[in-house]
Amino acid sequence: MTTVTISKPISKPRKRHHQHSNLGTSIGIVIILIIWIVPTVGLLVTSFRPLSLINTTGWWTALNVNNGPVSAQHPDPNASYVEKLSTRFTIDNYVDALTGYRGTSTYLDACASGTKPLGMNCNITDLLNPRGMGRAFINSLIVTIPSTILPIIIAMFAAYAFSWMDFKGRYAIFAILVGLQVVPIQMTLVPVLRMFAGMGINGTFPAVWLFHTGFGLPYAIYMLRNSMSSLPKDLFESAYLDGADHWQVFTKIVMPLTTPAIASLAIFQFLWVWNDLLVSLVFLGGSKPVMTYQISNMVTSLGAGWHLLTAAAFLSMVLPMIVFFTLQRYFVRGMMAGAVKG
Amino acid sequence: MAKTIALPVMKQKRWVPWLYLLPAMIIMSIFILYPMINTFGLSFQNADSTASAATTCREGQPCWGVFENYRYALTNELNMETPQTTWESFWISSYGNTIKWLLVMVTGTVGLGLIFAVLVDRIKLESLAKSIIFMPMAISFVGAGVIWKFVYNYGTSQVQIGILNAVITSLGFEPVAWLSKIPLNTFMLIVVGIWMWTGFCMTLLSSAIKAIPEEIIEASRIDGATNFDIFTKVQVPIIAPTIVVVITTMVINVLKLFDIVYVMTGGNFGTNVIATRMYTEMYTNANYGRGTAIAVILVLFIVPFIIMNIRRFTKQEAMR
Amino acid sequence: MKHNRIPWTILAVLLVSALVLGACAQQATPTQEPEVQTPGDIDCTGVTAGDTVSMLYQWSGEEEAKLTAILAPWSEACGVTVTPESSRDQALLDTRVQAGTPPDVAFWNVTQLSQYKDKLVDMTTLGANAANYAGYWGEIGTIDGRWLGLPVKADVKTLIWYSPANFQTAGYTVPTTWEELDALVEKMVADGNVPWSMGFESGDATGWTGTDFIQDILLVTQGPEYVSKIITGEIPYNDAGVREAYEIYGKWAKDPKYTVGGAEGTLSTGFNDAILKVFSDVPEAFMVKQSGFASGTILGTYPDKVYGVDYDFFGVPGAKGLQGGSDWLMVFNDTPAVRSLIKYLSSDKGGQMWAEVGFDLTPNAAGNASYASAESIKKAELLSSTTGFTPDIGDSIPGGFGSVEFGGITDFVNGGDLTTILDTIAAAQADALAQ
């Protein structure tokens, strides 16, 4: 059997034609971007402010050193602007979030005054405190990575079958596939939990991996099918002419060419699992806390401690954004150019 | 020997497709299909699934027998005294709100996503712009709830900590209670939804646009087409299948959308949507019969889109 | 071709390492600070060191730290390891119970006692000490003749918070009867001040501060027996007494002369913000009716305020009973370790610890003398001297009643018709109690 070779898809972007993206368009884009980012900037600024200022002054006044309640003012009215400014910002929210401090003041203040907060040692080991974000970060990784990779792998096979193979019942199964995506997650929890309990895997990581895989499959297959079926027929015909079978076409042609779609899917599945709380809580439990669990626990039932949420939300956002940036290189123009020969 | 058949292009043994499909189908059947069938069965029973729904009928009230939960799900939010009140109460019921969300949010996210995908494709700082638009997706719902608290906050008579009201009061107007004024509040929530999901649509549509071979675009330019022409006559038609996929996915996401409404208003002040209502019935009211009935109705909403997808599926097959 | 293998290799390595890590991942257990305790007053019969008790509760942050401190003597003495989970999500508890995998014990609301009554273990079987609890606690915790819940935490809601400093400046005195309160409100309005600060906004529970206020007014005008009858359904919600309470409340809640922002302010202000408005540097109102947790809210934003000088409270004058929140311990699995927990919490030692740590108030009468702060002592006195305690109506009537009640009072302040609203709520009450 002759081996199939295709030319390596060009992964470097071609020289762009910067079509006179006129000034109007550019300004329009910049304005939209500013509006888009303002709420997030608000959160970032707020995460560096102490609670007493958050509740009483708008975050856009953060550089104003004279407003807010009396207790937040600098003790010396004649201090310089910079001195006053330094008391208006604090890293306490981040420190408290990272260490999982639970108390009425702040971690740094409590340690400085000599009374160790419950369960803490007032040294660097507190970063791995079970109630802090450090330990949770690791758990979140353990949950998320397999839950992203497994569904994508399984979905690729199924999507290929839908796109380029013939079998009875294609339409019916496709219809069910679309319909399954809308099933609300709450409906699936109790039956699956019972099943896991019967199998004895409750509270373990494989239980969460299986559930996320199951739940993520319909959408993954749906999306990948769309990408795979938009590949030109000629590719397959020439491969078939050269004597290739489905496995070779799948691995050597389809997989490389659908890399942008796989990258998109990876980002979304990663995000969905990373930011999920309910599934981890139900199948994994609180003994292996993930980041979302720690975040939800920073707020007491009455809403106290929500200022810690601002810092915690940013901490949990760092990795997803890194993932997004890293996978950008797969969204390149010209993957298809030159791939089809004659 | 090339066979001139429409599809499939390549022949294979009968069992090969099932080899590729089986892992996915088994997993999906266990985790989604079986629970959904279970749910369907529960919707015909009473609150704690111990007896048929017919037993929950009360005298002097209309009763639909074993469909009693569906009667409740469909009519309980409506004030049916006059056609006028029925119409009004429909539009702030969970069904009316869901329709508003579907119309506004799907159009908003797909439309904006498409526009951004096309515009941002041409500028230098493409990665940065895309990241800014995408960033809201990376912030979990908990974070988003806190963020928008600082935008919509009603404030006190002396101080505003929500930026929207701060802007309004500095222009001399009275602050507005964005989240409690009916029907404005639903649209303010939809704004949050669009802010969060446009990045998703943009990412998908952008990768579809980039897959269009450059030669076609250049050929059109040589023929004298303007940017707008290229957009409407070349790009959109070519990525039409992806647009259908994105619309369908957004419809599904909007139907399931629960966190934004739950965290910001809890479904109060006329902002209830189907997903929050289902949650409330199942867990706050501990009524599994009604909760599952609402879930079934939610799933039925997707049927028109399944039909749309099948149509496109067959069209695509026929073209190949 | 080789070029394409590298990302896949990386992915494979990541996948394998994640799987390995997952298999070896340690359980994270919270550490507990060892406390000095007198041995011998904690009953550990039948417990082997290393037994575990899995718990589910709604407390987190500082609240959770307090619970851990309270349980520390018991877990130390009996060598029990606690595996805690904290979530306010009702869905989680329901799912676990329905699927047959409940936690050993749960600290939750009183409605769950009725909801899960078929799955809970009797307190008397477990050896709880009933003597430490006043009669009304036993009544509330008994469903169908079985004592199913141990009340562990109570909070008094029938309080009005004010600033003694501001009162003094303006020349006001604390009222001792309802008529005096009414007169004080009118005096404040005449002076050009705003008497009340109210805030409904609270996510999916928006409106609960209003229903709390209604219940307190009912305690004044009708008394705790009346409220208990509403909970059992003997008195329908659209009774004349309830109507009167709504009218009294509406006069204050909807009018900008009586409350900050009028109806709009009441509806849109967050419940925590409403508390802060009374204690800000330039106060917007003089009084806020709120539960015992208000001091935490005040200190969070104004850490320099002093109890007794800058902020204090008085019980709603004329109330013939108290309204309060309560948290209940319920047991799904009967094990020796769980029994030792029940015995500990219902014993004298347990009550004392709870009061010392200061986790709100303890219904366990043995703790009455052990409160540490002046504020807690005052609240505890109110609680121990009362003749009638009524839990929140919305918390006690199962099913959908609570959210209908919240929606109803929100509509009312928004200008809805009172008769229709009360009828709707009464229908939900009948619906919920019939099932």
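Chain B contains 15 helices and 0 strands. The structure described here is a predicted model. Of the 320 residues in chain B, 56% are buried. Among the contacts in this chain with a separation of 6 or more, 63% join residues 24 or more positions apart. The accessible surface of chain B amounts to about 13600 Å², and carbon and sulfur atoms account for 68% of that area. Chain B carries 22 positive and 17 negative charges, whose mean positions lie 9 Å apart.

Chain A likewise has 15 helices and 0 strands. Buried residues make up 61% of its 342 residues. In chain A, residues 24 or more positions apart provide 69% of the contacts with a separation of 6 or more. The accessible surface of chain A comes to about 13200 Å², with 67% belonging to carbon and sulfur atoms.

Within chain A, helix α4 comprises residues 92-99 and is mostly covered, 7 of its 8 residues being buried. The buried positions of α4(A) are Asp92(A), Asn93(A), Tyr94(A), Val95(A), Asp96(A), Ala97(A) and Thr99(A). An α-helix has 3.6 residues a turn, so residues three or four places apart point the same way. Just after α4(A), Gly100(A) adopts a positive phi of about 75°.

The contact between chains B and C involves 28 residues of chain B and 28 residues of chain C. The size of an interface is often given as the accessible area lost when the parts come together. For chains B and C, the buried area is about 2100 Å², and carbon and sulfur atoms contribute 46% of it. On the chain B side, Tyr154(B), Phe269(B) and Tyr283(B) lose the most area to chain C, together giving 24% of what that side buries. Between the two chains, 1 salt bridge is counted. Arg290(B) forms a salt bridge with Asp431(C), and the closest N and O atoms of this pair are 3.5 Å apart.

Terms used. Residues numbered from 1 in each chain as written. Chains lettered and ligands numbered in written order. Predicted model: local features only at pLDDT ≥ 70, side-chain atom pairs only at ≥ 80, totals over all residues. Heavy atoms only, no water. Helix = DSSP H or I, 4+ residues; strand = E, 2+ residues; numbered from the N terminus. Buried < 20%, exposed > 50% of the residue type's maximum accessible area, 1.4 Å probe, protein only. Contact = heavy atoms within 4.5 Å. Areas by Shrake-Rupley, 256 points an atom, 1.4 Å probe, with all protein chains shown as cover. Lys, Arg positive; Asp, Glu negative; His and termini not counted. Charge placed at Lys NZ, Arg CZ, Asp CG, Glu CD. Buried area = accessible area lost by both parts, 1.4 Å probe. Salt bridge = Lys/Arg side-chain N within 4 Å of Asp/Glu carboxyl O.
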